[in-house]
Amino acid sequence: MSGTPNSERIGRADLSAEQQVALEALLFRLADDEFVHAERLTEWQIYAPTLESDLAIANIAQDEFGHARLWYDLLKRLGYTEPECLWERDPTEWTHSLLVERPFGDGDWADAVLRGYLYDVAERIRLEAVADTSYAPLADRVGKVLEEENYHREHAVNWLERLTADDDGRGRVQDALDELFPYALSLFHPGPREEDIVEFGFRTEPVAEMRTQWLETVSPFLESLDLTVPEPDEVERPDERGRDGTHTDAWTELYDEFTATYHELEFETPATLRATEE
Amino acid sequence: MIWEVFRQEAPGDYHEHVGNVHAPDREMAKLFARIQHARRMQTNSLWVTPREEIGEVSAEDAAFDGRTDKSYRWAMTYNEIDASFAEEVADSESEQREAARKRREALRDEGNEA
């Protein structure tokens, strides 16, 4: 995966206070994106167009929950509890991108497929940018996740090619693209501590570089399907940023929904994402 | 469109029929088959094939050689030998014995009905 031996990376005990703050910011963004994306995707369960696509999307959602678990687990080792990471965390402290919190229109499968594509390409670029991270425990986990993300991207690409095969389908995907594109750009909003994250080597690429890579990947592919990709610098941007904790109204609703059971049941110890604590 | 799915567990094994998936084309069929028939199982390879490409032989047609006694075809000369030195010989004999028994039963049932 990378040439750096783990002995030359930073371990948990070596972190300075400043480094830890930057690392936590990076990990929360990774984890929150995966968790919220998965949370939205599960809404398709029993509603996807066919049984097979239902199983596929549910499976992808489960993978993403699994990835979220890997990243939240690294935060737990830095001293956070699961309720602090998820169930009791203030919704304004979540730093996922706006793309993953957007609600789906009723039966808007084109949105689900396109969103998956836009997200999965960004996810691969981001994982590659942390593959040679200076933080040893993070480096250990990236490889496996990258393998699973391949299936997700293949799934999205195959669907997009087929949905855009006729005018009706292509129109639906174009609508989804016009709707989602401004929110997708928030994947690359720098957010607090961006300079530190790069300077300490937790991520080896700045987000501006990742944004360029993303545009250079998604634009030619979408255009090859006869879709019109909005001009990134000309689209009307939402006021919210995502990475800084500001979110669209859809997020508040989603947050209330997935924390409702936790609050109703008043668990002394909530169900954990991991079966056993390490 | 229905695609039949065959899974091979380890290299050298036969591909065994494990079920089917609905998919519009081969690529999607493979994609769905991976989720439904490979993900949780030990899998070395998966085949997908359109159901209409499968040729079927019915029970009646398959029984074409089942009407007469075939025991004269058995490798009788080996019967005086303890076949345990070659597992496949013993297996083949017991298979043939079993097949002969089923044929006899089938013929007897037909006779009872008549």
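Predicted model: local features only at pLDDT ≥ 70, side-chain atom pairs only at ≥ 80, totals over all residues.
Residues are numbered from 1 along each chain as its sequence is written, while chains are lettered from A and ligands numbered from 1 in the order in which they are written.

Eleven residues of chain B and nine residues of chain A make up the contact, where two residues touch if their C-beta atoms, placed from the backbone, lie within 7 Å. On the chain B side, strand S2 (16-22) and helix H1 (26-38) are the elements that give two or more residues; helices (H or I, at least four residues) and strands (E, at least two) are DSSP runs, numbered from the N terminus. H1(B) puts in the most, with six residues.

Within chain B, strand S1 (residues 2-8) pairs with S2(B) in the antiparallel sense over six bridges, pairing being called when DSSP finds at least two bridges between two strands. Here Trp3(B) sits opposite Val21(B). S1(B) also pairs with strand S3 (residues 45-50), again antiparallel and over six bridges, and Phe6(B) has Trp47(B) as its bridge partner there.

Over in chain A, Ile46(A) shows a positive phi of about 70° despite not being a glycine. Ile46(A) lies in the loop between helix H1 (17-41) and helix H2 (51-77). Arg193(A), also not a glycine, has a positive phi of about 70° and belongs to the loop between helix H7 (167-184) and helix H8 (194-199).
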